[in-house]
Amino acid sequence: MDIQQSIKPYVIGLDLGGTNAVFGIVDSHGYIKATTAIKTQAYKSAEDFVKSATDSLQIIIEQVGGISKIKGMGIGAPNGNFYSGTIERAPNISWGKGVVPLADMFAQAIGIPVALTNDANAAALGEMTYGVAKGMKNFIMLTLGTGVGSGIVVNGQLVYGSDGFAGELGHVIMVREGGRLCGCGRHGCLEAYCSATGVARTAREMLANTNEPSILREMNAEDITSLDISIAAGKGDKMAKDIFEFTGKMLGQACADFATFSSPEAFVFFGGLVKAGELIMDPIRRAYDESVLPIFQGKAKFLVSSLDGASAAVLGASAIGWDINQQ
């Protein structure tokens with residue numbers, strides 16, 4: 001820890017979601033010292049949102065000794081651009097339809113340096129700062145939630161590309177002919193198959209296209225979630241196991257391709273889907289070993305995030321705060 005960090009022992013992390021904006025004040029060991037939250041969609045404008053957020057933040061800032069104790073603030077947000085500190089055309093935020101300079105708005109309101117990146121990049125930074133990737137300089141983070149997000153770390157730095165939006169591995173096309181429609185408007189993306197919603201789509205397809213008996217047939221097909229499939233698989237349901245086999249195989253093949261451009265030390269997985277444990281991780285590793293170039297075989301680890309799911313996004317966002325250039 002440098003001297004400046006010892007004088008200013010905390011950073012603020014903001015996990016900006018479509019429903020809730022969750023703030024945490026975090027120390028260098030990854031302990032959240034205080035939290036608060038507001039509803040993301042309760043405001044007509046970004047200005048109103050920042051004003052309400054600042055009012056809520058002042059309370060917890062005082063709890064840790066005041067603003068002089070805060071080094072900086074990091075924001076993890078959908079469609080977040082690290083270079084410009086903006087969120088750009090965020091589809092699930094009512095006041096985020098255009099280009100919103102959110103980092104600058106918070107910096108002016110609170111009086112500390114603020115940086116912003118997208119939520120998957122924030123997750124990668126959190127894992128590198130506090131989690132299983134601590135000490136690693138080359139790894140790929142894959143977040144398996146409603147979508148498939150990714151953060152790529154090469155030589156100790158996140159890959160942002162020329163415009164701040166690099167690292168959209170969820171939108172690598174895996175099925176070229178007749179692929180599923182993805183939320184991005186294209187067909188066959190990894191996200192359309194290997195997100196939690198994609199896994200539920202696989203279940204509905206298997207139920208519709210086969211007569212195989214399954215616990216899942218007792219449910220309304222449209223209501224099936226990845227958790228339901230995990231529970232069924234845990235009970236030995238063959239179809240549910242086959243769904244995870246299909247999903248894991250595609251993820252493993254995708255990782256084998258990803259290895260060719262960054263030769264990662266590890267792939268780190270985060271999100272509700274990985275709660276299925278070996279049901280998903282075993283087929284990922286097998287497919288990777290079968291598909292990867294021989295030069296990369298046996299090198300990459302396959303790890304599950306060590307960060308608590310409830311606080312991981314806040315920790316990830318906070319990690320940006322330690323590295324802000326305060327010049």
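Predicted model: local features only at pLDDT ≥ 70, side-chain atom pairs only at ≥ 80, totals over all residues.
Okay, quick definition before anything else: when I talk about charge here, Lys and Arg count as positive and Asp and Glu as negative, with His and the chain ends not counted. On that basis the protein chain carries 26 positive and 32 negative side chains. And where do the centres of the two sets lie? They sit 1 Å apart.

We've got ten helices and 13 strands in the protein chain. If you draw a box around the C-alpha atoms along the principal axes, you get roughly 65 × 45 × 35 Å. For 327 residues, a compact globule would come out with a radius of gyration near 20 Å, and the chain has 20 Å, so the two agree.

Buried residues account for 52% of the 327.

Now some aromatics. There are 13 aromatic pairs in the count. Have a look at Phe23, Tyr43, Phe49, Trp95 and Phe106, because ring pairs link those five into a cluster.

Arg89 isn't a glycine, yet its phi is positive, about 50 degrees. You'll find Arg89 in the loop between strand S6, 86–88, and strand S7, 99–100. Is Arg89 buried or exposed? Its relative accessibility is 53%, and the cut-off for exposed is over 50%, so Arg89 counts as exposed.

Then there's Asn155, also not a glycine, with a positive phi of about 55 degrees. Asn155 is in the loop that runs between strand S10, 148–154, and strand S11, 157–158. With a relative accessibility of 62%, Asn155 counts as exposed too.

Last stop is His171. That one is in the loop between S11 and helix H5, which covers 191–194. Buried or exposed, this time? His171 comes in at 19% relative accessibility, and buried means under 20%, so His171 counts as buried. Which residues does His171 touch, leaving aside anything up to four places away in sequence? The list is Cys182, Cys184, Arg186, Cys189 and Glu191.

That's my tour, thanks everyone.

Conventions
Residues numbered from 1 in each chain as written. Heavy atoms only, no water. Helix = DSSP H or I, 4+ residues; strand = E, 2+ residues; numbered from the N terminus. Rg over C-alpha atoms; globule rule 2.2 N^0.38 Å. Buried < 20%, exposed > 50% of the residue type's maximum accessible area, 1.4 Å probe, protein only. Charge placed at Lys NZ, Arg CZ, Asp CG, Glu CD. Phe/Tyr/Trp six-rings, centres within 6.5 Å; stacked < 30°, edge-to-face > 60°. Contact = heavy atoms within 4.5 Å.
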